[in-house]
Amino acid sequence: MSVGGKLKDKLKDKKVLVTGVTGFVGEALLHRIIGELPGTTVVAIIRPKGSMTGTDRMAQLLRKDIFKPFYGEGTEYADAEALSAARIQVIDGDLSDVPELPKDLDIVVHCAGDVSFDPPIHEAFTTNVLGTKSLLERIVETGRQVHYVHISTAYTAGRRRGAIPEAPVDHFVDWRTEAEAGMAMKSRIEEQSRSAPMLARFRKDAEKLHRRAGHLTAAADTERRRTEWVAKRLVETGTERARSLGWTDCYTFTKALGERVVEEFSGKLPTSIVRPAIIESALQSPHPGWIEGFKMAEPLILAYGRGELPEFPASPDSVIEIIPVDHVVGAICAVMATEPELSKPEYYHIGSGARNPLTFEQLYAGVRAYFSKHPFDLGERGAVRLPVWKFPGGDSVESMLRYGERAHKIADKIITTVPRGERTRKYARELDVQKRRLDFLRRYMDLYSEYAQAELQFIDDNVLALHNALEGDDKEKFACDTAVVDWQYYLQELHCPSVTESMRRLDVVRKKRNKALAESAGVLKKVEPSSADTAKVVAAFDMDGTLLSSNVIETYLWMRLPELDGPQRAGEIGAMLRKLPKLIAAERKDRGTFLRTIYRRYAGADLEELNQIVDEILAEHVLERLSGAAVRRIREHRAAGHKTILITGAVRPLTRPLEPLFDEIVAAELAVDDRGRCTGFLSGPPLVGESRAAWLKHHARQTNIDLSKSYAYADSHSDLPMLSAVGNPVAVSPDVSLFRAARAARWQIVDWKTPSTSSRLELPGVNAR
């Protein structure tokens, strides 16, 4: 185990293969080797990504700030490419298909792995178990006694309590059986998701939300729900299998089984297994506070600083095993210089709890002190109000979370049924924010509660012995004694400032963007004029709820009441009021059926007389209800040379006052008999939901229209297909479902208000005839 001598001398002329070099630990290790081990050559297996080769990705990595001191003026290397050529050999490859390795390797440091705590079970086995096996087989093929250094995790100990020795984990699980079962889960769960009961469940849930938009929209959402269910089940299966066998999650479970694979190969290769605890930002190198990406603690720290983490399911006196990344890298370099015996793997815990424990209460105090001095700014609302943790225990925190989830579910159900309006959309937006917070809390409570309530103490005698054996300034360059860390200084002066820096920069950008959005709220993008040499552009508009504040029942009463006498009017209004609950339910289920139900009541009406009623009585009323902003927008489109189209489920007579505004009107046509009397049926299906999108696409094909440059304006979730068919969709005073879809798709959302002179209770012309 002894290092013996300066590390740069021990590792001089050594060729070290590093996997996972683009990850957090791998990048820090590469930085340390280049900076402090000048005679060591690195071989890096890097997975190609998109059009980028492994070599391209290495060049990108070396252009990061931490590597810039190693090349350029005053250094041995002119640029990053020269540094890479002299010190690094890149091999394109992946753990799923490990390429042939160089025959002159001396050391392999296996840093790569699936580091997510909740990976799908098959992916965790692919990377952490089978990938490790494939790598070891390739190393054996070189025919050399390569020193294999395996980077695992201290939490392979699982759900044990008390002192954990630097030794093999004692368990009875056969990694081959578990790997075979874990890999088979993907096809099993996929098959289960395609069973009739599951497909019926997904379809019914999708149709409940999207039935008004149409079957294809519901079908697309059905498949989305199925694939999301598969992904969720693969994660849940991994978690439950791990916990059933005594581990916290699928990550620690598969890392423990990966160690078993390594132990089997230790008879062929001298082996060291390094087990870091929770790796966080650097204490010194590459520079104090250096960190990349969000690790285990960062999301929780940021959530607390934003006032969004009201409690945490930990005991205040429980220890959290945090370790700075440079201490991990220092220990790895020291381990690389050791010479373990065959069949006797050496184990190293890199933790802090055994000799310099940090409790959750101390962590909370440090983070709270930092944010008290340097709070996040909420703009007009001032500084964030920090939650006060009382550490009530995991069960109490879980009860609080469940109460919040139930309350949100009830509120969300209510908000989707109340009348639409600006206030309704405001509440929906607030509920969406609460949902994101609840989902965040649920995810991290489920992930971290096991770690927060663990009572483990990782013995690190072997790592301390390595540190004490370092000679001269190596004790500073490769320090791995965590007893020197002042946790309050580390938290308040290094770690929290580093993890919040990027978020504060994003907040500045977000505030500017939100200010710009607030200033432009309701202001539509400028209409671009058509040019003679391009395809035509259309602007399609819905009518009810978009151009004017009306609905089908209202407009039906406008049309029918003027031709009825007093008692008949009262009877018609009473009949409609009695049917209203059923009509509302029918409208939510299928808008086409709802429209047909209303239009059946036109049976016996004279079509010409209906046209006359509109022209003489209703035209002025309809025009009074038109939004001025809507009319201006229509005229802008016409001035730009766009074809304006009104697509509505309203009956044709009601659209007559709007004819001057549109180049084409597509409306519901009332069927008539040979006397000109309405039969109560339509001459064709009403254009609703997906049929509007289908009509628009067919029209575009016939008339050389470019839908990617065209516009559509609508207010209802049932119009989602039509809005999705164009390149410039606009949600106008949308209902909650469309509002959420539009926000998710980043569509424009505007409010076109009805003139205040009009009244929803006014029934035009009832005394005119």
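Predicted model: local features only at pLDDT ≥ 70, side-chain atom pairs only at ≥ 80, totals over all residues.
1. The pairing of β10 with strand β7, which spans residues 271-276, is parallel and extends over 5 bridges.

2. Helix α5, formed by residues 121-141, packs on the sheet. The strands touched by α5 are β1 (15-19), β4 (107-110) and β5 (147-151). The direction of α5 makes about 170° with that of β5.

3. The sheet as a whole is open and consists of 7 strands with parallel pairing. Their order is β3-β2-β1-β4-β5-β7-β10. At the edges stand β3 (88-92) and β10 (346-350), each of which pairs on one side only. From one strand to the next, the twist averages 20°.

4. A further helix, α3, is made of residues 54-62 and lies across β2 (41-46) and β3. Helix α3 runs at about 135° to β3, and β3 is one of the edge strands described above.

5. Rolling a probe the size of a water molecule over the atoms shows where empty space is left. For the whole structure, the search finds 2 cavities of 30 Å³ or more.

6. The largest cavity has a volume of about 280 Å³. Its lining comprises 22 residues, and those nearest the centre are Leu300, Phe312, Ile320, Phe360 and Leu363. Two or more lining residues come from each of the elements α10 (298-305), α12 (360-373), α14 (422-452) and β11 (456-458). Among the contributors, α12 gives the most, with 4 residues.

7. What is the make-up by class of the lining of the largest cavity? The lining has 21 nonpolar residues, no polar residues and 1 charged residue.

8. The second largest cavity holds about 30 Å³ of space. The residues that line this second cavity are Met543, Asp544, Leu548, Ser550, Thr555, Trp558, Val622 and Leu654. By class, the lining of the second largest cavity has 5 nonpolar, 2 polar and 1 charged residues.

Methods: Residues numbered from 1 in each chain as written. Heavy atoms only, no water. Pairing = 2+ DSSP bridges. Axes fitted to C-alpha atoms, helices over the stretch in contact; angles between N-to-C directions. Contact = heavy atoms within 4.5 Å. 1 Å grid on protein atoms, 1.4 Å probe; cavity = no way out; pocket = protein on both sides within 12 Å on 5 of 7 lines; lining within 4 Å. Points joined across faces, edges and corners; volume = space filled by probe spheres on them. Nonpolar A, V, L, I, M, F, W, Y, C, P; charged D, E, K, R; others polar.
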